[in-house]
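Here is a structure to explore step by step. Have a look at it first, and then we can walk through it together.

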Number of protein chains: 2
Amino acid sequence: MTTRAEQRQRTEARILTAARRLFGEHGYDRTTIRAVAAAADSDPGLVMRYFGSKEKLFAQAATIPPDGPIEGSPAQIAELLRAGLTQKLAEEPAAALAALRAMFSHPEAAEEVRAAMTGQQRQVAAQLPGEDAVLRSGVIGALTLGLVIGRHLVRLDGLDADPEEILAIAGPLLTALTDTATSAD
Amino acid sequence: MTTRAEQRQRTEARILTAARRLFGEHGYDRTTIRAVAAAADSDPGLVMRYFGSKEKLFAQAATIPPDGPIEGSPAQIAELLRAGLTQKLAEEPAAALAALRAMFSHPEAAEEVRAAMTGQQRQVAAQLPGEDAVLRSGVIGALTLGLVIGRHLVRLDGLDADPEEILAIAGPLLTALTDTATSAD
DNA sequence: GAGCTGAGTCAACATGCGTAGACTGAACGC
DNA sequence: GCGTTCAGTCTACGCATGTTGACTCAGCTC
């Protein structure tokens, strides 16, 4: 016996999970409401009734959970960045992957990702010394983006290694980027 | 007075240029044959007659010109990588951007990019010393990918700087990645 | 100059999509 | 128990898309 509320919650969750997976695998345009409904053992009409529109379904499925605050000395910041990167490499954050894959063809998704990234970058840039802090935080963002995309989306050669192995190579780069050891300031 | 061959070549080129731009701006699915034809001051039917299908048009528009061979000592390799990166940051390689943007929703485009990237990575990995050469070349690829995407496609904070400024930060990272100074080998 | 070829235009097609609305039956409140 | 609500299903609409084929007319071959 299942109450109506339970049932509702269950199928809504099933739809959301299916949506995240399909958006993450095929992007926004190639993911159809019909396909999501089928994958969730449900019905297109129901998806519409629960989420309003494909756009709103995507917005709910691809909302990127914010990382914790990043603050402290450059060394501490580097450590936090390494921890965040390890996590992003180890798991497959379905919502983030959906947003990432969609961002290149779907402006709304691009905004979601840009907001999530620049939020972090600004925090980092504000606490790094040196005139080129913004540029440095940009390169940090690019490196992170490249690694996550390269591992989860493009599956670049060599990036299928254990996260710790990748961090053994990429970690020192983050340290180098947070340390002020380059040009005059 | 224009000969038929000239005319043909001219509109074909116009279509290809428009296609590259639109594919690069909006991705594969959101670029319509009709839009390409309109941008090229031409006609959808003509586009079909000249290129056969949207798929073939894309294949011609998004073929990535190969970089030169990469070989030499680690230091020389780093130098070649820096030169390649500078170029990729300075210009906006329309064909490559089209392939890059499309690759996240279009498997054929993904193959094109992966082929172009792993080709280079293999060259690099084969000439770097150390057991983790493949992983290192993967991180090099990720960094390059992240910077190009971050600058041209996502427009990350800070990456709108002059290419030389970016290379002042990212160049040393490439050197670090080609030098064997990490774990035992 | 006659006949042919191919560049360019236009209208139509089949398909797949997001979405809307009617319908059914079981859980719910009283 | 009875009327209401709401999860779930099915059908259909309107639209945009890739693609096709017929048509026109200027350049080409002989």
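**A tour, starting with chain A**

Let's begin with how chain A is divided: its domain assignment gives domain 1 (4–59) and domain 2 (74–182), with bounds that come from an automatic or database domain assignment. Before going on, keep in mind that this is a predicted model, where local features need pLDDT of at least 70, side-chain atom pairs count only at pLDDT 80 or more, and totals for chains, interfaces and linings use all residues. Residues are numbered from 1 along each chain as its sequence is written, while chains are lettered from A and ligands numbered from 1 in the order in which they are written.

How far apart are the C-alpha centres of the two domains of chain A? They lie 29 Å apart. Seven residues from domain 1 of chain A and nine residues from domain 2 of chain A make up the contact, where two residues count as touching if their C-beta atoms, placed from the backbone, lie within 7 Å. On the domain 1 side, the touching residues are two nonpolar, two polar and three charged. Here Ala, Val, Leu, Ile, Met, Phe, Trp, Tyr, Cys and Pro count as nonpolar, Asp, Glu, Lys and Arg as charged, and the others, Gly among them, as polar.

As for what chain A is built from, you'll find nine helices and zero strands. Helices (H or I, at least four residues) and strands (E, at least two) are DSSP runs, numbered from the N terminus. The C-alpha trace of chain A spans about 65 × 35 × 30 Å along its principal axes.

Now turn to the DNA. Around DNA strand D there are 19 residues, and the closest are Thr11(A), Gly45(A), Thr3(B), Thr32(B) and Gly45(B); a residue is near the strand if its C-beta atom, placed from the backbone, lies within 6 Å of it. Elements giving two or more residues to this surface are α1 (4–26) and α3 (44–51) of chain A, plus α2 (33–39), α3 (44–51) and α4 (54–61) of chain B. Which of them gives the most? That is α1(A), with four residues. By class, the surface near DNA strand D has four nonpolar, eight polar and seven charged residues.

Finally, look at a helix pair in chain B. The axes of α5 (residues 74–90) and α9 (residues 163–178) of chain B come within 9 Å and cross at roughly 150°; axes are lines fitted to C-alpha atoms, for helices over the stretch in contact, and angles run from 0 to 180 degrees between N-to-C directions. α5(B) and α9(B) are therefore roughly antiparallel, a label for angles over 145 degrees. Residues of their contact divide into twelve nonpolar, four polar and one charged.

Key:
Parallel < 35°, antiparallel > 145°, perpendicular 65-115°, else oblique.
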